[in-house]
Amino acid sequence: MPLKRPAIRPKLSVTVLVASLVFVVIFLVSVGFSLGLLRGITAKTQETSQELLPELVHTHNNLLKIEQIRSYIDLIYWVQNGNLERNYRLESQVLIHSFLFENDPFLASEASNILHDIREIASIRQLQRTLQNEAIQVLSAYHEPTVIKVRGLLSALPQREIREGQMPSAFDELTSLSSFEEIEQRILFISDLNRQLDWMLIDTKARLERVSTYLNSDAALKAQTLATDIGKDIERITQYSIVFMSIVVLLFLFLFFIFKNTLLRPIQSLVAGLKAIEQQGNQTIILKPLFFKELDTIRESIEDYSGLVFRMQKTNQELENLSRIDGLTGLANRRYLDEALQEEMNRAMRHQHAIALLMIDIDHFKRLNDQYGHQVGDHCLKVIAQVIKGYSQRTGELAARFGGEEFTLILPEITHSDVWRIAEAIREECSQRVIYLENDASVSIQMTVSIGFVYQIVDANDAADILLKTADQALYQAKAAGRNCVCEG
Amino acid sequence: MRRIKRKILFMWMLLFISVSLVAAPLRVAIEGNYPPFSYVDDSGQVVGFDIDITHALCAAMGVECEMVLVEWSEILTGLVAGDYELIIASMGKTPEREKSADFSDYYYRAHSVFVGDPKLHSKKHYDDLKHLRIATGKDTLQSQYLVANYPHENIHLLNSHDEAIDALIKGEVDLVLSNSISQLHFLQSADGENFDFISEPLVNELLVDYAHIAVRKNHPELLLAVNEGLKKIRFTGQYDQINRKYIPFSIY
């Protein structure tokens, strides 16, 4: 658990509720934020198209107008009729005027120049018309057929075709006329004006060409800007979508991590702890503290349960001991002796080894009891029990209080001579123990014991009570032989 | 979201219009003294660009229209009084007029220019024209401009564009200031033969001449329908057809 032990443990239910609320809030906030951004981008895209598209359309319209102006200029140049020419000029003028309101200095100034050119073209044509009429007027004073023919020719000739050196040959006949100079001067003037008009037409068309190139590149630039802007917006939408999705994924991962560390793992450790109780030995299960209050309560319960199990096992042990042990001497009681003897006989039979059973009885114990009292008698029993216990140290050996002042010692896997030796050693040690009275240290008591034993290889027909009986008979013999001795049965 | 709202509004509007279609036709005020937008032809019929636009717009909106001929000076009063729902009479949008009416998107653009005798006043800058007698229609953008910039004693505010032109022909005034399209119409007529544009067109914020349709105040659904109708007739090409019929170039 990477989490530190908190002073106050939060409740899982409250935490889950709060976490869910926080998650929902974060989710809603990020959704709201993303939606806001998306809406902003959408609005901006819309704005871009609403701003730029009309501009594009407007530029396109201006291009159309420029084309129309071009055709008006041609019409004004080619048209013969003065009224028609005036109509075209007036229309083109209104059309060009509309450019003066454009918020574009270049366009406005070029429009103004074009308008000036058109007016100039129209006024030159007017002047040519006047000059032509004057020449015709001069010619009408003559009545020679050749002159009348030339006059007809001149009035039929469009102004733009009156050019020096390109006049019909009939005009050569006019040289003889008295007012030839007057006519020639006017025709030459018209011709000069025509050259001027040609230059002007080229100039004006070049100017129109420039304006139209300007508008075209302007439109292209705007279209490009529009495409770039929308492209950028789409890129931003993509970026925001990725960010938004990442936030959601990270949030889920974070929650999963938290869930795993604060819920899954603790629950697994709790289950493991619960299972470990069965195997617990001399100590109770201790688990690490957990973050959430509910889980920690479960942990505490498991620890408490482990403690309870531990205490119950101990009590069981004590109860079992109590049921086997003689309360006064601490040796095995009669019941346990019977069980253990049967067990040892079975074992001896399985392994084909010998078993010895000793019966030890304190000599003249009744007299001792009567003389010094039961308390001293009990003390004597304890002393003898202690001696006998000293000879039951190997596995399988058992010292027991058979009843009253009679003790039993089981010695398995032993040689016959060893039995004798041990029996003699017990008798000897018992006789050497001196007991002093508590209230009168001058009085000392010495005891002797009689021992009867049986030593045999056990076979299937042997029963525990027969063995006991045989040992008891041997004890009886020892008593009969004068006590403080050992007899074999 | 806004689109959905718009769609819902549009459906409400259709409902409104279909209800009003059953109830009464949409009444549209026209003016009749402003050629080529609105004038009386030889047979006594009121015709012109505005009239054709009205027909096309009503068809696009899917409503039946009834045209009412109203004097220019009375035209806004009648709208406020509820005599009709729309004014289609080449009306420019000014803050003053916006108090009495809502305005649609513009449906054509023009500029203002002087007309007079070119032999007398040719090639003059408009500042040189201040001593001349100038006529224009009253309650127009041009009249506002003249009052603001020219000596008042020389300004002649007449009832309509046609009256101003009459005054010019009779020699009662030296110049007429008006919308370039109307002026062109006059110059191309038989009466206009001897006249011409004088000086450069006037570039002034008072003369930003965008023509709008005036809609009765507080009828947003009608305003929306008019704007949608204008878009529709521009997309279907009807607008361009009408434009070409009266003016040889685009005035949108």
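## Salt bridge and polar contacts

One salt bridge is found across the interface of chain A and chain B in this predicted model. Its partners are Arg89(A) and Asp196(B), whose side chains meet at 2.6 Å, N to O. Polar contacts between chain A and chain B amount to nine residue pairs, both residues being at pLDDT 80 or more.

On the side of chain A that touches chain B, at least two residues each come from H1, helix H2 (82-100) and helix H3 (105-139). H2(A) provides the largest share of that side, with twelve residues.

## Extent of the interface

Chain A brings 20 residues to the contact and chain B brings 24 residues. About 1900 Å² is buried between the two chains, and carbon and sulfur atoms give 52% of this area. Within chain A, the residues that lose the most area to chain B are Arg86(A), Val94(A) and Phe101(A), which together make up 29% of what that side buries.

## Nonpolar surface patch on chain A

Chain A also carries a nonpolar surface patch of about 430 Å², formed by Val14(A), Val18(A), Val22(A), Ile26(A), Val243(A) and Ile247(A). Helix H1 (12-78) and helix H5 (180-279) of chain A each supply at least two residues of the patch. The most comes from H1(A), which gives four residues.

Val18(A), one of the patch residues, lies in helix H1 of chain A. Its relative accessibility is 44%, so Val18(A) counts as partly exposed; that class lies between the limits of 20% for buried and 50% for exposed.

Technical notes: Residues numbered from 1 in each chain as written. Chains lettered and ligands numbered in written order. Predicted model: local features only at pLDDT ≥ 70, side-chain atom pairs only at ≥ 80, totals over all residues. Heavy atoms only, no water. Patch = residues over 30% accessible without salt bridge, like charges linked within 9 Å, V, L, I, M, F, W, Y side chains within 5 Å. Areas by Shrake-Rupley, 256 points an atom, 1.4 Å probe, with all protein chains shown as cover. Salt bridge = Lys/Arg side-chain N within 4 Å of Asp/Glu carboxyl O. Buried < 20%, exposed > 50% of the residue type's maximum accessible area, 1.4 Å probe, protein only. Contact = heavy atoms within 4.5 Å. Buried area = accessible area lost by both parts, 1.4 Å probe. Polar contact = N/O pair within 3.5 Å; in protein donor to acceptor, adjacent residues only side chain to side chain.
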